[in-house]
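Dear colleague,

Please find below the structure that I am handing over to you. My notes on it follow directly after.

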Amino acid sequence: MDVYLDNAASTRVDDSVFEAMKPYFTKEYGNPSSIHSVGERAKRAVEDSREVIAKKISANPNEIFFTSGGTESNNLALKGVAFANKGRGKHIITSKVEHSCVLESCRWLETQGFEVTYLDVDKYGLVHPQVLEDAIRDDTILASIIHGNNEVGTINDIKDLAGVCRERGVLFHTDACQSFTKTDLDVEGMGLDLATINSHKIHGPKGVGALYVRGGVNIMPWQHGGGHEGRIRSGTLNVCGIVGFGKAVEVSSPKDVESMTDLRDRLISGLLEIPDTFLNGHPERRLCNNASVGFRHIEGEGILMHLDDRGIQVSTGSACSSKSLEPSYILTAMGLKPEDSHGTIRFSLSKYTRVEEIEYTVKSVGEVVGILRKMSPFGGG
Ligand SMILES: Cc1ncc(COP(=O)(O)O)c(C=O)c1O
């Protein structure tokens, strides 16, 4: 049986998304900036997607800026806001459990004269509003806190965190790449100033995403050129990708969230029956598709390879860092000992995951863990 459980890394493109994109490769291939009718039709398709996406997060269409994905949106949010607001201050706040593209943007900003505070998280990976409030200084201009964590699935209370910032006049950005369409993202109701979303985590194509920027927020363009996307992000628009992104949002459904939640819970309870295992992340405040489970006394890489041999694809960390043998900085920030981090596997489901696949996975993991523990000097075998 083939079981793909690495959907936090990327997902299968939905058939209807693929169909919606097709004409824009071969028939409607105009440049949306051209003012003739072919260009106009491409522009209409882009604007239709913008509307669908804006509606989904309660934004205005003119607050949605298309980018090449989550990495670019996060870079633009951090660097664009930092430089546009540097007259007001040079202090930025983020957390220790952000995606590497946020952390690396912050590290680069430090080389440009900005100061960054990296907030501690609790044992579940949650950022507490009081911790954020305590870190705010008179010269703080921006806080960026992840919504749903890509490794352990914990969902931060973004509304409370944004509220703390708003009261102190600090702009608030969230990276919602993993949570988008899986839990509510209401930029108006949550009081967000900026939010990052992308397409390939939600059965859309890779290489396309968006940044929500609330009207009136000062942001400096990061990529210069023809002045596309309200001059914030120049570059010919990825029409096919944007059409696919819009369709993926349109077909996302609460029913899928329900079914993923149910299968995730079956997976977690099945895996936790294996001796010496533990769940990472918050038991309730977690993404509907994430099960991050630690297996003591063995290495995650060994589990991953054995599962791959049995047709099951999982991850030992986020896709970008999983080739490194360093313990995950996210698990470390949550207080896990290095030996426990090393035995952690992230299983991430999608709307295509079936109950038989979950049963097969639980059975296979039990067998693989048994085999590896027999071989491990610490495994009691
Ligand atoms: C939380 C989070 N932020 C940002 C990204 C980067 O997004 P993209 O792959 O679209 O550049 C990812 C994807 O791995 C992610 O999980």
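Predicted model: local features only at pLDDT ≥ 70, side-chain atom pairs only at ≥ 80, totals over all residues.

Glu-229 and Arg-50 form a salt bridge through their side chains, with an N to O distance of 2.9 Å; the term stands for a side-chain nitrogen of Lys or Arg within 4 Å of a carboxyl oxygen of Asp or Glu. The two partners are 179 residues apart, Glu-229 being in the loop between β8 and α9 and Arg-50 in helix α3 (residues 37-56). Helices here are DSSP runs (H or I, at least four residues), as are strands (E, at least two), and they are numbered from the N terminus. Glu-229 is buried at a relative accessible area of 8%, and Arg-50 is buried at 7%. For these labels, buried means under 20% relative accessible area, exposed over 50%, and partly exposed in between (1.4 Å probe, protein chains only). Lys-43 and Glu-47 join Arg-50 and Glu-229 in a network of salt bridges. The backbone at Glu-229 also deserves a note: its phi is near 50 degrees, a positive value in a residue other than glycine.

Residues are numbered from 1 along each chain as its sequence is written, and side-chain values use heavy atoms, with hydrogens and water left out.

Other salt bridges

By the rule above, the count comes to 24 salt bridges. Glu-115 and Arg-137 make one of them, at 2.8 Å from N to O. Glu-115 belongs to strand β4 (residues 115-119), whereas Arg-137 sits in the loop between α6 (129-135) and β5 (140-144), 22 residues apart. Glu-115 is partly exposed, with a relative accessible area of 34%, and Arg-137 is partly exposed at 31%.

A further pair is Arg-296 with Asp-340, at 3.6 Å from N to O. Because Arg-296 lies in the loop between β10 (290-295) and α11 (300-309) and Asp-340 in helix α13 (residues 338-342), this pair ties together parts that are 44 residues apart in sequence. Arg-296 is partly exposed, at 28% relative accessibility, while Asp-340 is buried, at 11%. His-297, found in the loop between β10 and α11, has a phi near 75 degrees, again a positive value in a residue other than glycine. His-297 is partly exposed, with a relative accessible area of 34%.

Domains and cores

The domain assignment divides the protein chain into domain 1 (3-10 + 254-375) and domain 2 (15-251); these bounds come from an automatic or database domain assignment. The centres of the two domains, taken over C-alpha atoms, are 28 Å apart. Their contact takes 30 residues from domain 1 and 32 residues from domain 2, where contact means heavy atoms within 4.5 Å.

The largest nonpolar core holds 55 residues, of which Ile-64, Phe-66, Phe-172, Leu-192 and Phe-245 touch the most other members. Such a core is a set of buried Ala, Val, Leu, Ile, Met, Phe, Trp, Tyr and Cys residues joined through side-chain atoms within 4.5 Å. Helix α9 (residues 239-251) supplies the largest share of this core, seven residues, and the core draws at least three residues from each of domain 1 and domain 2. Leaving aside neighbours within four places in sequence, Leu-192 has contacts that include Ile-158, Ala-162, Phe-172, Leu-185, Val-187 and Tyr-212. A second, separate core has 24 residues, among them Leu-5, Ile-274, Ala-291 and Ile-298.

A surface patch and Met-220

On the surface, Trp-108, Met-220 and Trp-222 form a nonpolar patch with about 250 Å² of accessible area together. Patches are made of residues with over 30% relative accessible area and no salt bridge, like charges being joined within 9 Å and nonpolar side chains (Val, Leu, Ile, Met, Phe, Trp, Tyr) within 5 Å. The areas come from the Shrake-Rupley method with a 1.4 Å probe, and for residues only the protein chains shown count as cover.

Met-220 lies in the loop between β8 and α9 and is partly exposed, with a relative accessible area of 30%. Not counting residues up to four places away in sequence, Met-220 touches Leu-76, Gly-80, Phe-83 and Ala-84. The C-alpha atoms of Met-220 and Leu-78 are separated by 9.9 Å, the two residues being 142 residues apart along the chain.

With kind regards
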